[in-house]
Amino acid sequence: MSARETILARLRANRPAGDFPLPDVPRFPPLVGDDLVAEFTERLGKMGGRVERAGSPSDPFAPVRSRLDGAAVIASAVPEFSGNRDLAAVAMPTEVNDVDVAVVRARFGVAETGSVLFTQDDLIVNAVAYLAQHLIVLLDPADILVNVQAAYKRPDFGQAAYAVLHTGPSATADIEGVLIHGAQGVRSLTVLLLQRKKQAA
Amino acid sequence: MSADDLTPRQTEGVLHPEVRAPSDESERGPGGERLQHAEAASKPIRADAPREPQPRGAKVRGNRPIDQAEAAERFLAAPMHQKAHDERLWDVRRKRDVAAHGIPEWEELRELASQIKTHTLTHLDRYLEQFEAAAQANGVHVHWAEDGADHNRIVLDILRKHGAKSLVKSKSMLTEECGFRHFMAAHEIDVIETDLGERIQQLDDEEPSHVVMPAVHKTRLDVAEVFARTLGTDPDNDDAHYLAESQRETTRPLILKADAGLTGCNFAIAETGTVVTCTNEGNADLSGNVPPLQIHSIGIEKLIPRVEHLGVFIRLLSRSALGSPITQYTSHFRGPRPGTEMHMVLVDNGRSERLGMEEFWTSLKCIRCGACMNTCPVYRRSGGLSYGATYSGPIGLIIDPTFNKRKYSTLPFSSTMNGSCTNVCPVKINIHEQIFAWRKVLAEEHRIPLLKQGMMKAAGAVLSRPAAYRAAIQTADSALRVLPRFAVYNPANTWGKKREMPHAPRQSFHAWYRENRMKKGQDA
């Protein structure tokens with residue numbers, strides 16, 4: 001008998017007696033107030049991320065300009081900004097190791113936790129969200145969901161090969177509880193609130 | 001802050017004199033406030049404090065019963081380590097309380113999580129088949145492993161087929177359970193831990209001491225010593241930022257060079273064939289997204305039916321573990337990146353057997369948050385390595401004996417039975433009741449030491465006869481009053497260890513009641 005058959009047979013034989021139905025999960029009232037942008041901003045701040053409002057239409061990237069100007073290699077996965085590293089041309093994920101700043105757009109945000117969601121389509125090269133030193137995330141304020149429960153109602157989780165909720169930068173406190181950003185992945189995460197460009201009709 | 005600035009409460013009693021007030025070393029948020037979102041605040045030991053060697057864990061000798069008490073005593077004999085450990089974990093426990101109280105539906109979530117897990121475990125065959133079919137439809141190779149050896153062989157086969165020589169690993173207690181690292185070392189595969197805590201433990205050739213904070217028993221001085229020895233850092237620099245950065249800089253080239261990446265699994269979703277991992281460092285994402293070959297090791301009890309159920313578990317996990325609303329990274333791996341292979345290994349390793357153990361099967365609901373450890377007075381004062389097992393603390397006491405009843409026969413006695421573990425468990429496992437159930441099983445099977453057996457037999461005889469009990473109490477009380485200290489505090493009296501015996505009353509309540517109330521009652 002294969003390991004598969006052995007395990008399944010044992011599970012059937014050892015199944016505890018009794019009726020244990022799957023409970024319905026109710027829709028819980030949100031923990032956050034109506035101003036989702038403010039709630040998102042506060043909660044992401046507590047997790048070590050920062051939120052900026054986009055600058056004027058002529059220079060929406062003004063609030064993060066100093067970060068961008070200080071970077072030698074910028075990889076952009078968004079049409080709003082052109083970096084100097086073409087993610088579409090990357091063959092191996094290790095090639096993005098020298099990226100200083102990556103600019104990506106989040107599919108949505110979650111006010112309850114201050115999280116943003118990416119899929120492989122948003123990142124183009126998944127590894128760039130971890131190998132880059134800093135991450136700038138574009139988020140449309142209209143894309144902020146109220147809570148984690150609402151996030152898991154979204155179809156993305158059943159469709160994407162890779163979907164990830166980021167809540168601030170990479171963090172550790174494994175040495176005596178001292179909180180340190182940039183443990184393994186990005187050292188900072190800045191969300192820039194910028195409306196999604198309307199799709200051309 | 002110097003020791004002079006501390007309040008009396010901080011210098012006496014609660015804080016060890018060599019431990020100072022919270023430092024200012026952690027990162028700050030946009031408003032300039034000190035952030036505490038990932039793990040516990042630290043109270044660093046003064047730089048000029050005398051160095052105290054890190055107490056090592058239990059001595060593991062093959063199948064012989066682990067002497068947890070002996071290892072715990074050595075941990076207690078290292079006051080700096082013991083205090084730092086106790087306080088850091090208690091700080092996490094307090095943060096868990098704040099997070100839990102911040103959600104009105106907390107108790108409802110615990111109940112739901114418990115019921116979802118119970119349902120899934122009692123229909124696990126069906127959900128595993130569904131998971132397998134979904135994963136295969138996503139282009140994933142699915143393997144089944146009956147035990148740890150099976151798991152290790154399967155992974156080695158995959159690596160060999162790809163000519164892979166090095167593997168980066170994201171923390172997985174399951175692979176610890178399988179002895180994966182040692183097996184791979186014997187087959188000349190380099191395994192590199194990517195979690196900072198786990199990397200510290202790997203470099204120091206120790207097992208993790210906590211399921212969430214693998215190196216929580218070490219002080220920064222210990223880490224500085226390990227890194228100086230293994231990574232060539234400055235032995236006199238024990239700044240936590242310097243040490244973490246040194247690890248980042250030395251591990252990254254190994255991640256970039258790795259032929260394969262392996263991650264553990266927090267939840268596996270039957271509906272979609274997805275593996276979910278929760279980390280604060282993003283190391284599971286590095287392991288899964290950088291090397292050209294991707295492997296996920298999954299304990300079969302990690303299954304949950306649908307994506308929507310994640311809404312319950314993700315809200316509970318990090319709040320229970322560290323008091324943060326969510327981990328920095330919650331990652332959902334469903335299919336391979338174009339041009340690469342993705343493998344999932346479904347591992348039993350005793351789980352299907354445990355499902356048939358009437359009193360212990362609900363321990364399979366555990367989501368490995370570590371809340372029971374952080375709250376356990378025995379764990380906090382004895383350190384995770386004293387248990388000599390992959391799983392320590394209260395949850396370890398009930399699952400370790402299911403792996404090996406002889407080796408872990410002493411563990412269920414390493415508990416005060418205060419029930420705090422049960423109260424904080426996010427999936428409502430009746431941990432302290434199962435600890436008690438194990439004691440009964442082990443006593444019936446004579447798997448406890450002779451001294452303890454004799455004591456329990458004597459206690460049984462005395463407790464079952466009221467007259468004998470009263471005589472014993474009176475004798476003990478008089479003895480406590482008159483005996484010199486050396487006669488009470490000696491190795492024969494285990495109750496005199498690490499604690500002062502109570503002051504014996506002149507008269508027991510029973511004697512007083514007989515004298516004062518029963519006579520009057522007759523008069524009335």
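Q: Leaving aside its neighbours within four places in sequence, which residues is Arg337(B) in contact with?
A: This is a predicted model in which local features need pLDDT of at least 70, side-chain atom pairs count only at pLDDT 80 or more, and totals for chains, interfaces and linings use all residues. Residues are numbered from 1 along each chain as its sequence is written, chains are lettered from A and ligands numbered from 1 in the order in which they are written, and side-chain values use heavy atoms, without hydrogens and water. By the contact rule (heavy atoms within 4.5 Å), the partners of Arg337(B) are Pro93(A), Asn126(A), Gly288(B), Asn289(B), Val290(B), Pro291(B) and Gln294(B).

Q: How far from Arg337(B) is the nearest side chain of opposite charge?
A: Lys and Arg count as positive, Asp and Glu as negative, while His and the chain ends are not counted. Arg337(B) is buried (under 20% relative accessible area; exposed is over 50%, partly exposed in between; 1.4 Å probe, protein chains only). A salt bridge needs a side-chain nitrogen of Lys or Arg within 4 Å of a carboxyl oxygen of Asp or Glu. Arg337(B) has none, as its nearest opposite charge, Asp285(B), lies at 10 Å.

Q: Which residue's backbone oxygen does the side chain of Arg337(B) reach?
A: Arg337(B) is in the loop between β9 (329-333) and β10 (341-347) of chain B; helices (H or I, at least four residues) and strands (E, at least two) are DSSP runs, numbered from the N terminus. From this loop, its side chain comes to 2.7 Å from the backbone oxygen of Pro291(B).

Q: Is Glu112(A) buried or exposed?
A: Glu112(A) and Arg319(B) meet in a salt bridge, 3.1 Å from N to O. The pair crosses between chains, from a loop of chain A to helix α13 of chain B. Arg319(B) has a relative accessible area of 5%. At 2% relative accessibility, Glu112(A) counts as buried.

Q: How many salt bridges are there between chain B and chain A?
A: One joins Glu146(B) to Arg10(A) at 3.8 Å, and another joins Arg12(A) to Glu129(B) at 3.3 Å. Between chain B and chain A, the count is eleven.

Methods
A polar contact is a pair of N or O atoms within 3.5 Å; within protein, one must be able to donate a hydrogen and the other to accept it, and residues adjacent in sequence count only if both atoms are side-chain atoms.
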